[in-house]
Amino acid sequence: MFTLLQAQPGANSGLSMFLMIGLMFVIVYFFMIRPQRKRQKEIETFRNGLAIGDKVITASGVYGTVKSLNQGEQYLTIEIAKGVEIKVDRNFVYQDASQQQGVQK
């Protein structure tokens, strides 16, 4: 009454498998890898362009203002309150979100 149609094993099954794997790689690249690389380049550009007086946020959520760049060192000094300065590793400093959107606090 009902007939089941099955793909016949042959040369096309191997080719279609490689095409599917290639298609999945392209999808992963454009939706995951490429945007992440772009974001990393933006963060690196920001860190290289830091100047005294820039508002930043640390990876732990501390807001502050850059007071000293300490050229040649792996850290910079930020002021988190009047007269309170801390040293922070450059890799843990990000641009203040309010500065990205153009909103002033």
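The entries below go from the whole chain to single residues.

**Entry 1: the overall layout.** I noted that this is a predicted model. I found 2 helices and 5 strands in the protein chain. Reading from the N terminus, I wrote down the order α-β-β-β-β-β-α. I then looked up burial, and 18% of the 105 residues count as buried. The chain exposes about 8600 Å², and carbon and sulfur atoms supply 60% of that area. For contacts with a separation of 6 or more, I noted that 29% are between residues 24 or more positions apart.

**Entry 2: helix H1.** I went to valine 26, which sits in helix H1, residues 11-48.

**Entry 3: strand E1 and its partners.** Next I followed the pairing of E1. Strand E2, residues 63-68, runs antiparallel to E1, and 3 bridges join them. In that pair I found valine 56 opposite glycine 64. The hairpin of E1 and E2 has 4 residues between the strands, and there glycine 61 takes a positive phi near 95°. E1 also pairs with strand E5, residues 93-95, in the antiparallel sense over 3 bridges. Here isoleucine 57 stands opposite tyrosine 94.

**Entry 4: threonine 58.** I stayed in E1, residues 55-58, to look at threonine 58. Why does threonine 58 count as buried? Its relative accessibility is 7%, and the cut-off for buried is under 20%. I listed what threonine 58 touches beyond four places in sequence: Ile78, Val88, Phe92 and Tyr94. Its side chain also makes a polar contact with the side chain of serine 60, at 3.0 Å.

**Entry 5: aspartate 96.** My last stop was the loop between E5 and helix H2 (97-100), where aspartate 96 lies. Aspartate 96 is buried, because its relative accessible area is 4%. Which residues is aspartate 96 in contact with, leaving aside neighbours within four places in sequence? I found Lys55, Val56, Ile57 and Tyr63.

Notes
Residues are numbered from 1 along each chain as its sequence is written. This is a predicted model: local features need pLDDT of at least 70, side-chain atom pairs count only at pLDDT 80 or more; totals for chains, interfaces and linings use all residues. Side-chain values use heavy atoms; hydrogens and water are left out. Buried means under 20% relative accessible area, exposed over 50%, partly exposed in between (1.4 Å probe, protein chains only). A polar contact is a pair of N or O atoms within 3.5 Å; within protein, one must be able to donate a hydrogen and the other to accept it, and residues adjacent in sequence count only if both atoms are side-chain atoms. Contact means heavy atoms within 4.5 Å. Two strands pair if DSSP finds at least two bridges between them. Accessible areas come from the Shrake-Rupley method with a 1.4 Å probe; for residues, only the protein chains shown count as cover.
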